[in-house]
Amino acid sequence: QVQLVESGGGSVEAGGSLKLSCSASGVTFMNKYMGWFRQALGKEREAVAGIIIDAGGSTRYTDSVRGRFSISADNAEKTLYLQMDSLKPEDTAVYYCAASTTWTGSWYRAWYSPMKYNAWGQGTQVTVSS
């Protein structure tokens with residue numbers, strides 16, 4: 001049973017940077033399909049970035065963060081990262097790490113769907129002030 005633990009959240013001023021980490025345990029290798037999601041107060045959980053953890057390392061980003069955020073993974077350390085630069089107040093949310101152990105179908109068509117992921121971390125708060 002994979003367990004995910006996020007860290008690195010905090011408070012930052014607009015324009016600043018944060019780097020989130022997600023440590024995976026209970027597995028020998030990281031799950032192939034992983035992603036970062038966020039949920040702002042009163043809003044639904046939304047995808048931020050996704051990654052296929054293999055030699056190709058394909059990534060996807062939601063439009064609002066493309067060019068500012070970068071997802072990466074260190075399989076040896078079993079850690080997923082989210083580098084967030086040029087942060088905006090609208091990035092304020094609880095950020096969750098997610099993994100899929102049971103993916104079926106095309107990842108490229110559904111990477112952004114929370115329903116496709118069956119393992120979640122507890123979340124880490126990111127607050128961006130203007």
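Predicted model: local features only at pLDDT ≥ 70, side-chain atom pairs only at ≥ 80, totals over all residues.
What is the handedness of the link of Cys22 and Cys97 about the S-S bond? Residues are numbered from 1 along each chain as its sequence is written, and side-chain values use heavy atoms, with hydrogens and water left out.

The link of Cys22 and Cys97 is left-handed, with -75 degrees about the S-S bond. Cys22 belongs to strand 3 (residues 18-25) and Cys97 to strand 9 (residues 93-100), so that the pair, 75 residues apart, links distant parts of the chain; strands (E, at least two residues) and helices (H or I, at least four) are DSSP runs, numbered from the N terminus. The structure holds one disulfide, a term for a pair of cysteine sulfur atoms within 2.5 Å, and the sulfur atoms of Cys22 and Cys97 are 2.1 Å apart. Both Cys22 and Cys97 are buried, where buried means under 20% relative accessible area, exposed over 50%, and partly exposed in between (1.4 Å probe, protein chains only).

The loop between strand 8 (79-84) and strand 9 contains Pro89, and Ser86 lies in the loop between strand 8 and strand 9 as well. Pro89 counts as partly exposed because its relative accessibility is 33%; leaving aside neighbours within four places in sequence, Pro89 is in contact (heavy atoms within 4.5 Å) with Ala14, Val128, Ser129 and Ser130. Ser86, a residue other than glycine, has a positive phi near 50 degrees, and its relative accessible area of 41% makes it partly exposed. A positive phi, of about 55 degrees, is also found at Lys78, which is not a glycine; Lys78 is placed in the loop between strand 7 (69-74) and strand 8 and is partly exposed, with a relative accessible area of 23%.

The largest pocket holds about 160 Å³ of space. A pocket is here an open set of points on a 1 Å grid over the protein atoms alone, where a 1.4 Å probe fits, with protein on both sides within 12 Å along at least five of seven lines, and lining residues have an atom within 4 Å of a point; the volume is the space filled by probe spheres set on the points, which are joined across faces, edges and corners. Of the 13 residues that line the largest pocket, Arg38, Ala40, Lys43, Glu46 and Glu90 lie nearest its centre. The lining comprises two nonpolar, three polar and eight charged residues, with Ala, Val, Leu, Ile, Met, Phe, Trp, Tyr, Cys and Pro counted as nonpolar, Asp, Glu, Lys and Arg as charged, and the others, Gly among them, as polar.
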